[in-house]
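Open the model in your viewer and get ready to click around. We'll go stop by stop, picking something to select and saying what is there.

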Amino acid sequence: MTAPLHEPTAETAPSAAEEAALAGAEAKAVQGRSLGRIAWERLKRDRLALAGGMVVVLLVLVAMFAPLIAGQDPDAYHENLIDPLFGTPKGSLGGVSADHYFGVEPVSGRDIFARIVYGARISLLVGFLSALVAVVLGTVLGILAGFFGGWVDSAVSRVMDGLLAFPQLLFIIALVSVMPNQMLGLTGTGVRLFVMILVIGFFGWPYIGRVVRGQTLSLREREYVEAARSLGAGRLYILFKELLPNLVAPIIVYTTMMIPTNILTEAALSFLGVGVKPPTSSWGQMLSAAIDYYDSDPMYMVVPGLAIFITVLAFNLFGDGVRDALDPKGSR
Amino acid sequence: MGHRTDSGGPRSRSGPRAVLAYLIRRLFAAAVMLVVIIVVVFCIFFLVPKWAGVDPALSFVGKQADPAAVEAIRVKLGLGDPIYSQVWEFFKGIFTGRTYAAGGDVTHCSAPCFGYSFRSEQAIWPVLTDRLPVTLSLALGAAVLWLLFGVSAGVLSALKRGSLWDRGAMVIALAGVSLPIYFTGLLSLAIFSYGLGWIDAQYVPIEQSFTGWLGGMILPWITLAFLYAAMYARITRATMLEILGEDYIRTARAKGLKEQTVIGKHAMRSTMTPILTMLGMDLGALIGGAILTETTFSLPGLGQAVLNGIKNQDLPIILGVTLITSLAVLLANLVVDVLYAVIDPRVRLS
């Protein structure tokens, strides 16, 4: 700092320094940060959420490269590893060995590790795709209801209320189980997967639709929408360019929260015997088979149970982090 | 008293007449909803199989039946009639009873008639009344537990935000919502029933032995309550935190009210409203069959009945349970909405 020529008081010097600092801060602030950037920076600091996210990425990789990782056929029988008297695996901890990291199934002797790895495909496929169905339906119908109001709104809202009051699990089970074995060129497990994705997604859309409708209702009265309208913007322009970008945050939050719920629903359906058909492996199905062995071979039940738990926990941790990161109030 | 919104509309119109009008409107809506659900169930179990080429009459008689017997059943049960007349006969049967007749073969089914099982040929109504108490005691017992533990854990967490207690409780709650109930159920069976041998986890009807019944119910109660307590603790904490940040709480504190009053009277009241809504929906859904819990613990409740019905394509039992479930959900929601207005003066009955 240069020495002032006149009246060098103690007061002016620091105030000049403060000004410089302020100017510096303003220059930084002017750059501006998008919502996505702010959210990403918050998310980066949330170690639990990051850990959850990493597990999710890992699971997706496992599902994608299942044949490589499993290293063996999940449907191959190894009856030589089974105690012929009790039908339970030989050796300790359900037959854990260098060839079978998590042991083998009772009676058939199929490798549990390979079945878990292949089961990840089913869980993630149903979890993600059914969430996609719910998001598309919920966003489109929610925006339409909120934006157009009137009879469109009352019709969509009635349907949403109705669906939310429905005994959902019951209907999902019913719908999945009455579907024929062959349709649209799919057979067996393909049909079940297709139907599960559609039905779980269909019962999930009102949760997203409600939020989107509410947000749209409040957003469409904002000044910037008014401004766009007065400049002659058409309805489609306002819908896609003005409203949709502001709905992205709540949609992302509800989607990340919905995926673990859908994974649990898929596991529940498979557990109840209306999920994918054997021999295709799924975690829920393994647990339901393990009921009969909970006393003689507890390992058989613990492995798929932990697989579901870890997956859902990872998604929940990540989802909570995303919600907190995108929350404009930044409380919690 | 608490707080009112300052929206410009008319002030609260919750006189007795308004309440009555509201109740009637809600009951009417509930009745419409019930009819819609039954029609949908009929469609799922009649139209979809028809489209897939499965004959309900055939599924009643069995695979190797002679065509005359199939035709007789079709006529007797009215399975050849159009959907709307079958739905109508079903509803009429519930109130007036129903007489099935085909030629000389006549069966009468008295007043609350839900028809006969396609498989066991039992009347449905006694099956429902047999199984309802099991499911009801499971749902209500668990609800008491989860409200007690879930809500208080959530409130304490919100009040001691950031403390060790808060973190611990929230970690447990997060784990709780991530665990499938059939896994915790199996684990608890393996540990407490098989491993330690503390509990004989067989379901025993309460008329036979009270302690036996209690022993059979305790693990299902705890397992079910753990899941819901985790959910409720998370929601309670989030709601409470949001409410503690509201202006009226600051005002209450500024007025010099004791912290106990601020929390106990002002904050708790608003926290309870969303909890009550959830409770209504969850209880309703559980009464209609805690399918997963009942399957895990082999409890002979409604959930198991409907699951078997679905697996055997036994329409009458599915219809019966669905009707009870829907009724329970709608009633629970109705009760909750009325309670809502009592708890929260901001809610207007409109």
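Start by selecting A:Ile172, A:Ile173, A:Val176 and B:Ile318: among the 152 residues of the largest nonpolar core, these touch the most other members. A nonpolar core here is a set of buried Ala, Val, Leu, Ile, Met, Phe, Trp, Tyr and Cys residues joined through C-beta atoms within 7 Å. A residue is buried if 20 or more other C-beta atoms lie within 10 Å of its own, exposed if 12 or fewer, and partly exposed in between, with C-beta atoms placed from the backbone. Helix H12 of chain A gives the most to this core, with 15 residues. Helices (H or I, at least four residues) and strands (E, at least two) are DSSP runs, numbered from the N terminus.

Before you click on, know that this is a predicted model, in which local features need pLDDT of at least 70, side-chain atom pairs count only at pLDDT 80 or more, and totals for chains, interfaces and linings use all residues. Residues are numbered from 1 along each chain as its sequence is written, while chains are lettered from A and ligands numbered from 1 in the order in which they are written.

**Chain A**

Now colour the whole of chain A. Of its 332 residues, 41% count as buried. Among contacts in chain A with a separation of 6 or more, 71% are between residues 24 or more positions apart.

Next, select helix H5 (residues 112–148) of chain A together with H10(A): their axes come within 8 Å and cross at roughly 145°. Axes are lines fitted to C-alpha atoms, for helices over the stretch in contact, and angles run from 0 to 180 degrees between N-to-C directions. H5(A) passes H10(A) in a right-handed crossing. A crossing is right-handed if the near helix is turned clockwise from the far one by less than a right angle, and left-handed if anticlockwise. To see where they meet, show residues including A:Val126, A:Ala134 and A:Phe147 in H5(A) and A:Leu243, A:Met258 and A:Glu266 in H10(A). By class, this contact has 15 nonpolar, six polar and one charged residues. Ala, Val, Leu, Ile, Met, Phe, Trp, Tyr, Cys and Pro count as nonpolar, Asp, Glu, Lys and Arg as charged, and the others, Gly among them, as polar.

For a contrast, hop to helix H9 (residues 223–230) of chain A. How many of its eight residues are buried? The count is zero, and the helix is hardly covered. Just after H9(A), click A:Gly232, which takes a positive phi of about 95°.

**Where the chains touch**

Show both chains. The contact takes 32 residues from chain A and 38 residues from chain B. On the chain A side, helices H6 (150–165), H7 (168–178), H10 (235–271), H11 (283–290) and H12 (298–326) each supply at least two residues. H12(A) gives the most to that side, with eight residues. Sorted by class, the side of chain A that touches chain B has 25 nonpolar, five polar and two charged residues.

**Chain B**

Switch to chain B, with its 13 helices and two strands. Here 35% of the 350 residues count as buried.

Select helix H8 (residues 210–244) and helix H10 (residues 259–287) of chain B, whose axes come within 9 Å and cross at roughly 150°. That makes H8(B) roughly antiparallel to H10(B) (angles over 145 degrees count as roughly antiparallel, under 35 as roughly parallel, 65 to 115 as roughly perpendicular and the rest as oblique). This crossing is right-handed.

B:Ser298 sits in the loop between helix H11 (291–297) and helix H12 (302–311) of chain B; B:Ser298 has a positive phi of about 50° although it is not a glycine. Then click B:Gly303 in helix H12 of chain B. Is B:Gly303 buried or exposed? B:Gly303 is buried, because 28 other C-beta atoms lie within 10 Å.

Technical notes
Two residues are in contact if their C-beta atoms, placed from the backbone, lie within 7 Å.
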